[in-house]
Amino acid sequence: MDDVRKPSQEFNGYFIEDLSVGMTAVFAKTVTEADIVLFAGISGDTNPVHLNEEYASTTMFKGRIAHGMLSAGFISALLGTKLPGPGCIYMSQNLKFKAPVRAGDTVVARGTVTDVNAAKRRVTIQTTCTVGDTVVLDGEALLMVPTRG
């Protein structure tokens with residue numbers, strides 16, 4: 001079937017009419033030392049648990065960890081590029097940080113549609129980040145999604 005998007009819509013991801021409960025997408029990224037240092041610089045969060053191994057080794061984590069919001073950023077990447085994708089507007093997100101992420105870990109962000117409100121152009125997505133079998137972050141996002149109309 002041919003894509004009937006208008007030129008102004010050709011960069012969009014899913015429209016509200018395309019979404020249904022149960023749709024899922026993933027985004028994966030291996031966290032590097034550079035990611036942690038650059039995130040510290042961009043965000044201004046220079047907490048030594050992220051940047052100072054000597055200090056971090058004295059904490060409950062027994063070593064440096066990545067910023068929790070770096071993993072949350074992978075959820076933003078998933079939502080903004082895959083599901084629902086370009087054109088969506090992030091309205092809210094709740095997060096529960098469950099386990100640390102370290103340099104070298106591959107974080108898999110997964111989003112699953114749990115509710116579609118076509119009348120209001122809203123979609124609710126269950127969001128999780130895992131490293132292997134460990135859930136490191138869990139939450140729920142609410143997004144506004146464009147319509148074809």
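Let's start at Phe-27, a residue that is partly exposed with a relative accessible area of 22%; here buried means under 20% relative accessible area, exposed means over 50%, and partly exposed lies in between, using a 1.4 Å probe and protein chains only. Before going on, please note that this is a predicted model, in which local features need pLDDT of at least 70, side-chain atom pairs count only at pLDDT 80 or more, and totals for chains, interfaces and linings use all residues. Residues are numbered from 1 along each chain as its sequence is written, and side-chain values use heavy atoms, with hydrogens and water left out.

What does the ring of Phe-27 pair with? The structure holds 1 aromatic pair, and Phe-27 forms it with Phe-74. A pair of aromatic rings is described by the distance of the centres and the angle of the planes. For these two, the values are 6.1 Å centre to centre and 40° between the planes, which makes the pair tilted. The cut-offs are simple: rings of Phe, Tyr and Trp (its six-membered ring) pair if their centres lie within 6.5 Å, and planes under 30 degrees apart count as stacked, over 60 as edge-to-face and the rest as tilted. The pair links distant parts of the chain, since Phe-27 sits in strand 1 and Phe-74 in helix 4 (residues 68-81), 47 residues apart. Helices (H or I, at least four residues) and strands (E, at least two) are DSSP runs, numbered from the N terminus.

Strand 1 (residues 24-30) pairs with strand 3 (residues 106-117) in the antiparallel sense over 7 bridges; two strands pair if DSSP finds at least two bridges between them. Within this pairing, Lys-29 has Val-107 of strand 3 as its bridge partner. Strand 3 also runs antiparallel to strand 4 (residues 122-131), joined to it by 9 bridges, and there Ala-109 is partnered by Cys-129. The hairpin of strands 3 and 4 has 4 residues between the strands, and in it Arg-121 takes a positive phi near 60°.

Now for the charged side chains. The structure holds 3 salt bridges, each a side-chain nitrogen of Lys or Arg within 4 Å of a carboxyl oxygen of Asp or Glu. One of them involves Lys-29, whose closest N and O atoms with Asp-35 are 2.7 Å apart; Lys-29 is partly exposed at 28% relative accessibility, while Asp-35 is buried at 18%.

Another joins Arg-64 and Glu-33 at 2.8 Å, N to O. This pair links distant parts of the chain, 31 residues apart: Arg-64 in the loop between helix 3 (53-56) and helix 4, Glu-33 in helix 1 (residues 33-43). Arg-64 counts as buried at 18%, and Glu-33 as partly exposed at 42%.

Finally, Arg-148 and Asp-18 meet at 2.9 Å, N to O. They lie 130 residues apart, Arg-148 in the segment after strand 5 and Asp-18 in the segment before strand 1. Arg-148 is partly exposed at 34%, and Asp-18 is partly exposed at 26%.
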